[in-house]
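I opened the model and kept notes on what I looked up. The entries follow in the order in which I made them.

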Amino acid sequence: MTPVFKLSRPRVSELIWIYKWSVVAAVIVSAALALIGTQLAARQQAMQTLVVSQSASLGVISALGLLAALHGEHTHPHEPSLWPTMSGFLFALVMGLISQRLIRTKWPSRNTYFIALFCMLMSLNACVIAISPGLEAHTSAAYFGDLAVSSETEAQLLSVLGLAVGVGMIWAWKRLTAISFNLMSFELPPLRRRDQQVDLAMNLASFILIAGAVQFLGLLFTLASLFLVPVILVRWHRSLRGLAWRILLATAGGAGLGFLTSLSWGDGSLPTVPTMALMMPASAVLVYGLGRLVSGTRTGAAR
Amino acid sequence: MTESADPRSALHLRMTDFRLRRPDGRPMFDEISADLNSGELMIVQGPNGVGKSTLLRAILGLWRQSSGRIELTLSFDDEDVSYLPQQGQLQFFLPLTLGEVVELGEGESRHTQEILKPDMWDVQWDSASGGERQKALLTRLFRSSSRLFLLDEPFNHLDHESTQALWSEILASLGRGASVLLVAHGEEHRIPVSLRENFPVKVIRLRGRNLNDTSLQIVEASRE
């Protein structure tokens, strides 16, 4: 009788080890995106960011399609390459400039124009996937990500990028908040050169990080990281104190917890990125609750 | 521009045949020619809609439709110029307190009259009154060591005590060689005597333009 070898499902710890760099990248990038998203939300640029992110996705897809066409239609679209990220960055930059012009026109119901742009870009995305050889598998990955496919090198590079952007955002947090406050409260753009430079740096960093996140983690993960935790935590805070750190912690924690949950829930059939996105608000509640507990304990001890 | 030994003689702002235009090209008011030197107070007056606030924004480089010249001898980059805008949108996404608004200001924390009292610092920006917000913005502004202050209707929403505190801040700033250009409605009648006696006060009156009348309004620049 021929022995039958049954393949057993890898243990959770083994899977974590296999995807360790992808998870590290996801956690770091989500935290950096959350800080960026907080400032973008403060500037009422959420719809603009949706369009820029979709544009980045189109840039990534277009580059992947071009690479597949140049190297042969059976080339795996996820072979390590920075070209898709750079293409995503360029597409995001162009759409960023177009949307800035749209904002300056002060047309009423600007969000309607952004929705229209989003529909166009999403449709173009689908068409590029349809006509490009070897990109069929990327249809789902474009929106829901595919942590399993990025190489260690790509994940490490994305981690370094996320870390650099995150550190920069923390360093410039007060200045960026002042710029956002003046922009929204008084329609006053930054007047000092270093404020203009910091603001420009934030915008460029957001475009490139969004492009990288869209390529490796998908559009859903990118948007969830940008806005899910900030919209919850800002409503529960009465001041800025501690807000940035809690946003950072909750988003990173949600991404990590979500990954673990997707691996360990049932037979591991939960989709990874949507689970990570759903865990972010849960993590926000947890971080806020822990913060209240700690401050309550300190107040009690002080008495 | 080289500053002379006497800080009061340093030119901070010069407007030469300066005229603002609306987006459709029509002029807002006739040409203005005026200098603002260190230690001087300039008040720009006029009815609503004549272009007072737009004049300040033009000085900041935020309004392009104009003719003539504006020379600003001070630098934004060196934090020499501070601007108080009119209050605009009431709500902000981030949860700021009035104290945090003050601390968002640039420059060193210079001792001020504290137009906004410390016990108001924990009040939230979104739920504060117009007067409380104005006090926070003024406190933020005067904590800097700027040499030119551009104030757009700074007395709006202020009570008597805060108005007096604001005049004290303006007086102190003029005393250390700064200049102040403020947009106001008839404030020149309430200028403290101590200020009038010690510092030059210039008034620019912009008269409203009748949109059905092709004749332009009269601009007076008078020294009081």
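I took helices (H or I, at least four residues) and strands (E, at least two) as DSSP runs, numbered from the N terminus. The model is predicted, so I noted that local features need pLDDT of at least 70 and side-chain atom pairs count only at pLDDT 80 or more, while totals for chains, interfaces and linings use all residues, and side-chain values use heavy atoms, with hydrogens and water left out. Residues are numbered from 1 along each chain as its sequence is written, and chains are lettered from A and ligands numbered from 1 in the order in which they are written.

**Entry: two residues with positive phi**

I looked up Gln44(A) and placed it in the loop between helix H2 (20-42) and H3 of chain A. Gln44(A) is not a glycine, yet its phi is positive, about 55°. For exposure I used these cut-offs: buried is under 20% relative accessible area, exposed is over 50%, and partly exposed is in between (1.4 Å probe, protein chains only). Gln44(A) counts as exposed because its relative accessibility is 55%.

I then turned to chain B. His157(B), a residue other than glycine, has a positive phi near 70°. I found His157(B) in the loop between strand E6 (148-152) and helix H4 (160-175) of chain B. His157(B) has 54% relative accessibility and therefore counts as exposed.

**Entry: chain B overall**

I noted five helices and nine strands in chain B. Along the sequence, I read the pattern of chain B as β-β-β-α-β-β-α-α-β-α-β-α-β-β. Chain B has 224 residues, and 52% of them count as buried.

**Entry: Ala141(A)**

I located Ala141(A) in helix H6 (residues 138-144) of chain A. Is Ala141(A) buried or exposed? Ala141(A) is buried, because its relative accessible area is 7%.

**Entry: nonpolar patch**

A patch is made of residues with over 30% relative accessible area and no salt bridge; like charges are joined within 9 Å, and nonpolar side chains (Val, Leu, Ile, Met, Phe, Trp, Tyr) within 5 Å. A salt bridge is a side-chain nitrogen of Lys or Arg within 4 Å of a carboxyl oxygen of Asp or Glu. Accessible areas come from the Shrake-Rupley method with a 1.4 Å probe, and for residues only the protein chains shown count as cover.

I found a nonpolar surface patch formed by Ile16(A), Leu257(A), Leu260(A), Leu286(A), Leu290(A) and Leu293(A), with about 520 Å² of accessible area together. Helix H10 (243-264) and helix H11 (272-302) of chain A each supply at least two of its residues. H11(A) gives the largest share, three residues. I checked Leu260(A), which sits in helix H10 of chain A. Leu260(A) counts as partly exposed because its relative accessibility is 38%.

**Entry: pockets**

I worked on a 1 Å grid over the protein atoms alone: a cavity is a set of points where a 1.4 Å probe fits but cannot get out, and a pocket is an open set with protein on both sides within 12 Å along at least five of seven lines; lining residues have an atom within 4 Å of a point. Grid points are joined across faces, edges and corners, and a volume is the space filled by probe spheres set on the points.

The largest pocket holds about 1,600 Å³ of space. I noted 40 lining residues, with Gln45(A), Gln100(A), Ile103(A), Arg104(A) and Leu183(A) nearest its centre. Which element supplies the largest share of this lining? H9(A) does, with eight residues. For classes, Ala, Val, Leu, Ile, Met, Phe, Trp, Tyr, Cys and Pro count as nonpolar, Asp, Glu, Lys and Arg as charged, and the others, Gly among them, as polar. The lining of the largest pocket has 19 nonpolar, 13 polar and eight charged residues.

The second largest pocket has a volume of about 560 Å³. Of its 16 lining residues, His237(A), Arg241(A), Arg246(A), Gly291(A) and Ser295(A) lie nearest its centre. H11(A) supplies the largest share of that lining, eight residues.

**Entry: cavities**

I found three cavities of 30 Å³ or more. The largest cavity holds about 430 Å³ of space. Its lining has 24 residues, and Asn182(A), Arg192(A), Tyr83(B), Glu106(B) and Arg140(B) lie nearest its centre. Two or more lining residues come from each of H8 of chain A and, in chain B, strand E5 (81-84) and helix H3 (130-142). By class, I noted 15 nonpolar, four polar and five charged residues in the lining of the largest cavity.
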